[in-house]
Amino acid sequence: MNAAEELKNFLPGSVISTGLQLNKPMAVIKKEELLKAAGKAKEMGFDHLSVITGIDYKDHFEVIYNFFSYSKKQNLALKVNLDHDKPEVDSLTSLWKGADWLERETFDLVGIKFIGHPNLIRILLPDGWNGHPLRKDYDMNSEQFVTVGENGDDIVSPDGTNLLRRK
Amino acid sequence: MESDELIINMGPVHPSTHGVLRFKLRMDGESIKECTPVIGYLHRGTEKIGEMKTYLQFIPYTDRLDYISAFPNNYAFVKAVEELAGIEVPIRAEYIRVLTMELNRIVNHLVAIGSLLMDLGAATMIMWGFRERENALQLFEMLCGARMTFNYIKPGGVREDIPEGFMPKLNEFLKDMEKRIVDYEQLINGNEIFHMRMKNIGVINAKDAVNFGWTGPTLRGSGVDYDLRKYEPYSIYPDLDFKVCVRNEGDSFARFIVRIDEMKESLHILRQVVDNMPVSKVISSAEYGIAPMTGTPTAVSTYFPRIFTPPAGEVYSRIEAPKGELGFYVVSDGTTKPYRVKIRSPSFCNLTAIPSLVKGLKIGDLIAAFGTIDVVLGDVDR
Amino acid sequence: MLFLAMWTGDIMFANTYELIVFILNYIGIYDPIYKVFESFGLEYLLRIIIVLVEIAALFVFILLTVMFLTWMERKVVAMVQARYGPMVTGPRGLLQPVMDGVKLIGKEDIIPAKADRWVFTLAPFLIFIPALLIFIPLPFGESLIISDLNVGLLYIIAISAISPIAILMAGWASNNKYSLMGAMRAVAQDISYTIPLALSAIAVVLFTGSLSTVDIVTAQSGTWFGFIPKWFIFLQPLGFILFLIASIAEMGRIPFDFQESESELVAGFFTEYSGMKFAMFFLAEYAHLFSVSAIVVTLFLGGWSVPFLNFIPAVLVPLVSLGVFLVKTYAIIFFAMWLRDTVPRMRIDQLLNLGWKIMIPLALLNLLVTALLLTAGVFK
Amino acid sequence: MTWISKDWAMGGIIKGLIVTLKHVLRVGDRPTVTVQYPYEKMKVQPRFRGLHAVDENACIGCGICEVNCPNSTIQIVKHNTKWYPQVNVGMCLFCGICVDVCPMNAMKMTGNYELADYSRESLIYGPDRLLFNKEVNK
């Protein structure tokens with residue numbers, strides 16, 4: 001019995017299905033129950049949150065959490081499916097401090113909101129950037145210009161008017 | 001006693017932020033009250049590029065993530081693709097891959113230690129480190145024609161076989177390196193001022209380190225006996241004899257010593273690889289289901305399929321890069337390009353802990369603690 | 001007559017002025033010149049001219065020394081780091097400092113918009129001039145001293161206490177946080193290190209009973225048992241170590257280079273300076289390196305004196321003693337450069353701890369023990 | 001009295017001073033290693049990936065390199081009567097994929113690495129600067 005099935009035994013209501021992510025156990029979790037399932041996984045010994053991945057599947061979003069257990073040397077992946085219109089899921093920052101930046105990055109690039117995150121702002125792109133680049137409907141041809149304002153904040157504009165360009 | 005707060009912008013152009021990292025520091029005199037890293041100045045959208053390039057075309061871009069140690073980046077992506085497509089790799093190719101990666105680990109740690117010492121004000125170590133790094137870079141140049149951005153490891157093997165004259169030079173390097181590490185240890189390890197600067201600075205216990213998602217030498221400095229090469233072995237690491245270097249103190253000094261020890265272990269691994277190097281072809285071609293083109297000129301020793309399509313699926317594969325756990329989450333939809341590439345870069349995750357690590361310390365300690373975390377901004381910003 | 005006379009060990013001339021007058025007299029041109037000036041009633045003008053010549057010579061000497069020191073620093077660092085260092089301009093890159101100077105003069109002199117213009121401009125001069133003034137009571141050799149002040153040592157310590165004010169001015173006027181922090185550090189460091197510096201110098205003064213640098217040097221001539229030179233380093237080993245550490249802190253060099261600490265504060269107090277003003281800070285820094293090393297040599301390593309100097313002709317004594325003095329000084333400078341390549345920087349609070357909690361008590365202890373032993377008549 | 005320790009002897013610093021002195025005096029196997037670059041150049045390895053070169057006779061102008069270039073560096077342009085690649089070195093990653101994929105093995109990379117120039121336009125290397133002729137070189 002792999003870790004995903006074990007998790008299903010503990011929380012039959014939260015786990016929709018179990019399967020394999022190539023060769024690693026994976027459980028699909030109801031999005032409302034993610035925090036509970038992740039907490040259970042942490043209790044089971046999965047103490048290392050390796051990565052949070054957000055994927056845009058055009059009709060829905062997937063957020064995948066990869067865990068590792070230092071004590072058992074086992075892998076576990078949790079997956080939640082989110083609506084495309086309202087990509088919101090609970091934040092794991094209360095359980096893993098390392099989730100902070102990973103969630104901010106996912107928010108920044110994929111545009112998934114993490115409810116309960118203490119500081120959910122853009123991390124790689126400047127504040128005020130238009131759109132989330134890793135979404136499939138992101139317009140690659142749109143230009144955005146970034147300058148630094150008087151107080152050190154980034155200012156983004158769709159045209160180059162705020163650039164100091166020599167004639 | 002409190003004085004007025006001073007807000008200092010450290011970076012993005014600053015001698016010791018290793019590139020374009022910026023710290024917003026709220027200072028009380030010399031003490032740091034709050035430290036906020038601001039990243040993204042080197043963001044090149046590598047993950048988006050990955051969605052637009054074929055699998056082979058994306059490999060050069062992985063070189064540019066952690067440009068100090070590019071072989072593990074190549075390998076991490078290629079490993080994910082190989083797992084996805086189920087490609088068998090010739091044994092000699094695996095040996096060459098491990099050889100390059102361990103060599104690169106030495107290079108990375110030399111740069112890490114050197115720049116740490118330079119940030120502390122002792123400029124000698126970085127020059128000595130670069131002296132040895134230069135020898136290693138020449139080996140890389142001999143092997144694949146590039147010194148930092150290799151594009152050498154390909155799905156199914158490596159780009160070219162080891163050239164003539166490589167092995168003697170490598171042996172010379174290994175012999176040389178052993179003596180040099182003794183020099184480094186004499187220069188730094190016992191230095192009382194270095195102890196003053198490093199011991200009990202930036203302490204993080206094992207539980208917090210795991211909670212922050214720390215990996216690599218930084219985590220092992222906190223006493224977690226964890227190395228993917230050992231506990232989730234890939235490539236030929238199960239056949240090799242090496243030990244995981246762990247220190248229990250969890251301070252900057254422990255993280256430094258772990259790096260020195262890892263260099264020695266890497267030398268040990270390299271010697272085994274050199275001794276046991278098998279003879280076989282270095283790239284598999286039939287596995288793709290494409291027959292090699294007949295009449296292909298032979299100057300480049302092997303044939304690469306230009307385009308190949310792994311079956312639809314997703315994989316998260318990770319390796320122990322010099323800086324920590326480097327993972328690639330690759331989703332394939334059965335076309336020639338990946339549907340999604342997510343990079344779990346060790347620098348990014350290790351940097352998460354900096355604000356709580358340096359709280360209440362002096363500005364000089366920020367440099368020391370930050371130096372021992374060893375980030376490369378190409379890897380942080382991607 | 002003069003060429004044959006052996007040196008007796010006594011000071012021949014009180015200062016360089018007298019030496020110059022003697023040489024002019026010996027050649028036989030002093031009297032005619034004096035008469036010319038006397039006929040106009042302007043005897044004092046001759047004195048002034050000679051003093052100005054002396055000062056010009058000193059100035060040129062210091063500039064050349066500083067240029068050589070920058071070259072030497074780069075070469076020593078390069079040798080440690082398995083590099084060549086400057087190689088292109090001049091033989092072995094010896095003219096590199098000249099080219100650097102030309103480059104710096106040619107640079108635009110930038111004054112930041114929100115800087116305090118007057119203070120900003122004044123600070124480099126205020127740091128450069130004391131760096132030159134400090135050489136006035138320094139005996140470069142037998143008879144080679146601009147002025148043998150009877151409060152020489154006090155003068156040196158007083159003059160070197162001006163530089164933190166200039167640094168603070170520079171840091172404050174730049175209107176830059178890094179500069180300000182660098183300046184604050186420099187002041188804190190200087191206050192905590194001048195005290196052990198002065199205390200261990202006083203221990204030396206207890207032996208000589210005089211603050212005059214010439215007296216201190218002459219007290220160190222001769223030998224014990226015929227082979228140990230009578231240098232104060234052997235009487236004051238602890239004092240020497242304290243003084244050396246404090247003087248390296250005074251020079252502001254690694255491991256105590258907090259005023260600059262380029263990996264923390266970019267360039268410290270002169271972050272905003274460019275062009276000639278930057279060059280003045282740079283020159284002052286190396287002039288300081290030379291002067292502090294010279295003081296260490298004067299106080300503890302016997303200055304220009306070596307045992308057995310009295311076997312050479314008296315005419316050569318100033319030259320030989322100058323050579324001896326320079327060799328000793330460069331040894332100390334080399335040590336400072338060598339140390340810089342080996343050790344990392346300390347942290348500012350650790351430095352202050354070291355200064356206040358360890359060095360000042362030790363210096364006081366050293367002073368107490370020295371005074372007790374002297375009173376008991378051990379050193380006779 | 002815990003603050004009295006053997007650190008006071010500064011043994012570690014003295015050890016370090018000895019090592020650095022050994023370097024100053026070049027004791028043992030510690031030579032000067034830097035190269036005086038513009039006057040003295042390092043030997044480039046045969047596999048070095050520098051500026052491209054295209055075999056005039058072998059190249060058939062098929063455009064496979066153009067398709068496979070990750071950064072769209074290569075364009076096929078007309079030169080005299082045939083079609084040859086033109087490389088924009090300013091965008092080139094020097095990854096070597098064009099060399100790998102060339103079906104005629106006409107593309108190769110030379111050891112020329114001094115590619116700095118005064119304008120972006122001059123970084124576009126047309127066939128006139130890239131072509132070499134194996135026959136002539138013999």
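Trainee: How many residues of chain C and of chain B does their contact take?
Mentor: This is a predicted model. Chain B gives 27 residues to the contact with chain C. Chain C gives 23.

Trainee: Which helices of chain C each supply at least two residues of the side that touches chain B?
Mentor: By class, that side of chain C divides into nine nonpolar, five polar and nine charged residues. The helices that each supply at least two residues are H12 (262-265), H14 (317-342) and H15 (348-376) of chain C.

Trainee: Now the other contact of chain B. Which element gives the most to the side of chain B that touches chain A?
Mentor: Here 32 residues of chain B are in contact with 27 residues of chain A. Elements giving two or more residues on the chain B side include helices H1 (46-52), H8 (206-211) and H12 (346-351), and strands E7 (324-332) and E8 (338-344) of chain B. By class, that side has twelve nonpolar, nine polar and eleven charged residues. With five residues, the element that gives the most is E6(B).

Trainee: Does chain B have the radius of gyration of a compact globule, or what value does it have?
Mentor: Chain B has 382 residues, so a compact globule would have a radius of gyration near 21 Å. The C-alpha atoms fill a box of roughly 80 × 45 × 35 Å along the principal axes. The radius of gyration of chain B agrees with the globule value, at 21 Å.

Trainee: What share of the contacts in chain B, at a separation of 6 or more, comes from residues 24 or more positions apart?
Mentor: Chain B holds 15 helices and eight strands. Buried residues make up 57% of the chain. For contacts with a separation of 6 or more, residues 24 or more positions apart account for 69%.

Trainee: And in chain A, what is that share?
Mentor: Chain A has three helices and nine strands, in the order α-β-β-α-β-β-β-β-α-β-β-β. Of its 167 residues, 40% count as buried. Residues 24 or more positions apart account for a share of the contacts with a separation of 6 or more in chain A that comes to 45%.

Trainee: Is Thr93(A) buried or exposed?
Mentor: Thr93(A) is in the loop between strand E6 (88-90) and helix H3 (99-109) of chain A. Beyond its neighbours within four places in sequence, Thr93(A) is in contact with Ala99(A), Asp100(A), Glu103(A), His117(A) and Pro118(A). The cut-off is 20 or more other C-beta atoms within 10 Å. Thr93(A) has 20, so this residue counts as buried.

Trainee: How far apart in space are Thr93(A) and Ala41(A)?
Mentor: In sequence they are 52 residues apart. In space, C-alpha to C-alpha, the distance is 15 Å.

Trainee: Back to chain C. Are H5(C) and H7(C) roughly parallel or roughly antiparallel?
Mentor: The axes of H5 (117-133) and H7 (163-173) of chain C come within 8 Å and cross at roughly 160°. Angles over 145 degrees count as roughly antiparallel. H5(C) and H7(C) are therefore roughly antiparallel.

Trainee: What is the handedness of that crossing, left-handed or right-handed?
Mentor: Residues of H5(C) that meet H7(C) include Phe120(C), Leu126(C) and Pro130(C). On the H7(C) side, Ile167(C), Met169(C) and Trp172(C) are among them. By class, this contact has 13 nonpolar, one polar and no charged residues. The crossing of H5(C) and H7(C) is left-handed.

Terms used. Residues numbered from 1 in each chain as written. Chains lettered and ligands numbered in written order. Predicted model: local features only at pLDDT ≥ 70, side-chain atom pairs only at ≥ 80, totals over all residues. Helix = DSSP H or I, 4+ residues; strand = E, 2+ residues; numbered from the N terminus. Rg over C-alpha atoms; globule rule 2.2 N^0.38 Å. Buried ≥ 20, exposed ≤ 12 C-beta atoms within 10 Å, placed from the backbone. Contact = placed C-beta atoms within 7 Å. Axes fitted to C-alpha atoms, helices over the stretch in contact; angles between N-to-C directions. Parallel < 35°, antiparallel > 145°, perpendicular 65-115°, else oblique. Left-handed = near helix turned anticlockwise from the far one by under 90°. Nonpolar A, V, L, I, M, F, W, Y, C, P; charged D, E, K, R; others polar.
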